[in-house]
Amino acid sequence: MRTEYDQRGPGVWRVLALLAVLATGFASTACDFLDPTEVENPRTTDEDLAQAEEPTAALLPGLETEFATALENIVYITECVSDNYAIHGTGLDADWDFPNDITPTVMDGEGPYYAIQQLAGLANFVIDDIIPGDATAEPEDVAWAYYYRGMARLFMGENYTYAPVEESGTMIPADQLLDLAITDFTQATSGGGTVALAANAALARAYRWLGNETSAASAANQVLNGDPEFYLGQAYDANSNVNTAASFLVFRALQEMQPLPRLDFLDPKYLTREAEIPYAKAEEMHLILAEIDLANGSYDNGKAHLGDALRLAQSRPTTSWVDEDPRNN
């Protein structure tokens with residue numbers, strides 16, 4: 001699959017998928033077989049996709065792939081930017097160690113910005129160009145499309161001060177990006193089931209960023225009431241869609257991404273190339289509620305939520321691992 005993309009915004013996402021090589025008029029000679037004029041290379045257009053059987057459902061795996069790429073970019077880059085991990089020897093731009101020095105030039109082609117806009121662009125395409133003409137679109141699939149676009153806007157609002165949401169569009173501030181995310185997540189709650197829980201978890205996170213305690217608490221409680229052990233993790237594989245953090249932490253010879261001492265007891269978080277990255281958990285809902293309670297003087301309630309978060313985290317599966325770091329920690 002090849003995409004046309006404009007880093008100024010996600011409005012230029014157009015799928016130009018090469019579906020097959022149709023060779024017609026094969027002759028009996030090798031010369032005829034090798035003649036490129038006898039081969040057609042059709043390209044899929046927007047119109048073709050809209051006329052495909054169940055196009056919304058067909059494009060959801062692509063949305064998940066773009067989401068997975070954006071998420072893993074955010075994980076390993078923000079770990080470096082936040083100084084949770086040292087990145088000497090990784091090949092990553094050393095400027096990521098100094099957030100004040102990060103410029104558009106540093107950002108271009110590396111880091112989460114490109115991946116987030118790819119996700120937003122494909123989500124726009126599905127929501128604006130595909131869903132309106134797709135009579136087969138299931139409500140849950142539509143909800144997931146809105147959820148993924150909301151996550152793109154949430155990621156952008158969390159990590160960048162300003163960003164465009166359309167090609168050559170005006171840069172809008174983070175608060176407005178979060179408002180757009182909230183609109184999409186609210187739409188996604190109509191899908192019910194897992195997507196509704198995921199959307200409410202994201203709403204709690206977005207409202208927290210905006211300082212809206214009432215709405216953040218309401219969304220967090222929706223998640224905990226729906227599933228007290230709620231968890232979502234994004235899967236990866238060992239080839240086309242890799243958890244890069246796992247590579248830097250475990251599989252490269254020098255394990256170059258190294259945590260600061262205060263984080264060493266948590267390292268590494270990802271033990272296999274296929275290790276999934278958690279992105280929505282009930283623990284976060286308890287932490288959001290605890291923060292709200294503590295900020296308003298409800299110390300007993302805040303302490304209770306912190307205890308709930310800790311007990312839930314301790315109940316999750318664990319794996320033993322022998323640290324073979326050649327640098328003796």
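In which helix does Tyr299 lie? I looked it up: Tyr299 lies in helix 12. Helices are DSSP runs of H or I with at least four residues, strands are E runs of at least two, and both are numbered from the N terminus.

**Ground rules.** I am working with a predicted model, where local features need pLDDT of at least 70, side-chain atom pairs count only at pLDDT 80 or more, and totals for chains, interfaces and linings use all residues. Residues are numbered from 1 along each chain as its sequence is written, and side-chain values use heavy atoms, with hydrogens and water left out.

**Whole chain.** I noted 12 helices and 10 strands. Of the 329 residues, 44% are buried. Buried means under 20% relative accessible area, exposed means over 50%, and partly exposed is in between (1.4 Å probe, protein chains only). The chain exposes about 17200 Å², and carbon and sulfur atoms supply 51% of that. Accessible areas come from the Shrake-Rupley method with a 1.4 Å probe; for residues, only the protein chains shown count as cover. I then checked contacts (heavy atoms within 4.5 Å). Among those with a separation of 6 or more, 68% join residues 24 or more positions apart.

**Confidence.** The average pLDDT (the predictor's confidence in each residue, from 0 to 100) is 82 for the chain, and 78% of the residues score at least 70. Over residues 1–8 the pLDDT is below 50, yet the model gives this stretch 30 contacts beyond near neighbours in sequence. Residues 11–36 also stay under 50, with 52 contacts beyond four places in sequence.

I find Tyr299 exposed, because its relative accessible area is 56%. Helix 11 (282–295) and helix 12 (299–315) each supply at least two residues of the patch.

**Arg153 and Asn124.** I found Arg153 in helix 6 (residues 139–159). Arg153 counts as buried because its relative accessible area is 13%. Leaving out residues up to four places away in sequence, Arg153 touches Asn124, Leu177, Leu180, Ala181 and Asp184. Asn124 sits in helix 5 (residues 112–130). Asn124 is buried, at 13% relative accessibility. From Asn124 to Val165 I noted 41 residues in sequence and 9.7 Å in space, C-alpha to C-alpha.
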